[in-house]
Amino acid sequence: MDEDVLTTLKILIIGESGVGKSSLLLRFTDDTFDPELAATIGVDFKVKTISVDGNKAKLAIWDTAGQERFRTLTPSYYRGAQGVILVYDVTRRETFLKLDNWLNELETYCTRNDIVKMLVGNKIDKENREVDRNEGLKFARKHSMLFIEASAKTCDGVQCAFEELVEKIIQTPGLWESENQNRGVKLSNKEEGYGGAGCGGYCSML
């Protein structure tokens with residue numbers, strides 16, 4: 001039994017097809033990278049337990065297909081999620097421009113107002129960058145999201161993206177405890193101080 005696990009969190013990874021959602025997930029859960037990874041069909045699902053600030057959290061991470069034809073499963077996919085990682089490819093501006101569409105979908109189907117959002121600019125290992133880091137940061141600030149740039153290929157920023165997201169969820173009273181305890185139990189508000197420990201300066205917070 002997972003008696004020492006504080007909570008189980010549902011985390012979503014969304015974004016356009018080909019931005020590297022599955023590669024980020026595979027790097028985080030299995031520490032592998034496959035340049036020939038096929039496009040996700042429907043939904044992929046992985047579980048990983050991590051420790052953040054001394055708290056163990058089991059993450060149920062849902063990776064979706066970015067293609068329109070799989071959008072029928074959308075409402076059930078978003079239901080009950082506590083965190084979402086929104087991914088774009090820094091070498092393809094159109095994937096950045098489509099972020100508004102994904103946020104609209106999130107707002108339409110998400111069942112929680114206080115869901116924690118993390119914006120990830122992926123593929124920073126590539127030369128032909130089309131989206132500047134400051135553009136990503138500005139977009140994240142505008143929409144009250146955490147922000148990090150990452151590379152599933154080199155591992156840069158990947159672990160940090162998930163850890164920061166989980167840390168923020170655990171710091172958000174009412175977002176996860178009601179899943180595990182009686183309704184009405186509310187943790188005291190933790191201070192908003194945001195220590196990006198072990199992040200090597202990648203993480204930017206509001």
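The buried residues of helix H1 are Lys 21, Ser 22, Ser 23, Leu 24, Leu 25, Leu 26, Arg 27, Phe 28 and Thr 29; buried here means under 20% relative accessible area, with exposed being over 50% and partly exposed in between (1.4 Å probe, protein chains only). Helix H1 covers residues 21–30, and nine of its 10 residues are buried, leaving the helix mostly covered. Helices (H or I, at least four residues) and strands (E, at least two) are DSSP runs, numbered from the N terminus. After H1 comes Asp 31, with a positive phi near 55°.

The model is predicted, with local features needing pLDDT of at least 70 and side-chain atom pairs counting only at pLDDT 80 or more, while totals for chains, interfaces and linings use all residues. Residues are numbered from 1 along each chain as its sequence is written, and side-chain values use heavy atoms, with hydrogens and water left out.

Of its 13 residues, 11 are buried, so H6 is largely enclosed by the rest of the structure. Among them are Val 158, Cys 160, Phe 162, Glu 164, Glu 167 and Lys 168. The end C-alpha atoms of H6 (residues 158–170) are 19 Å apart, which agrees with the 18 Å that its 13 residues should span at 1.5 Å a residue; the expected span is 1.5 Å times one less than the number of residues.

Turning to the rings, the structure holds six aromatic pairs. Rings of Phe, Tyr and Trp (its six-membered ring) pair if their centres lie within 6.5 Å, and planes under 30 degrees apart count as stacked, over 60 as edge-to-face and the rest as tilted. Phe 28 and Phe 162 form a stacked pair because their ring centres are 3.9 Å apart and their planes lie at 5°. This pair links distant parts of the chain, as Phe 28 belongs to helix H1 and Phe 162 to helix H6, 134 residues apart. Both Phe 28 and Phe 162 are buried. Tyr 77 and Tyr 78, by contrast, are edge-to-face, so classed because their planes lie at 75°, with ring centres 5.4 Å apart. Tyr 77 is buried at 2% relative accessibility, and Tyr 78 is buried at 1%. Ring pairs also join Trp 62, Tyr 77, Tyr 78 and Tyr 109 into a cluster.

Lysines complete this view of the rings. Lys 48 lies over the face of Phe 28, at 4.8 Å from the ring centre, and Lys 10 lies over the face of Trp 62, at 4.2 Å. A charge sits over a ring if NZ of Lys or CZ of Arg is within 6 Å of the ring centre and within 35 degrees of the ring normal.
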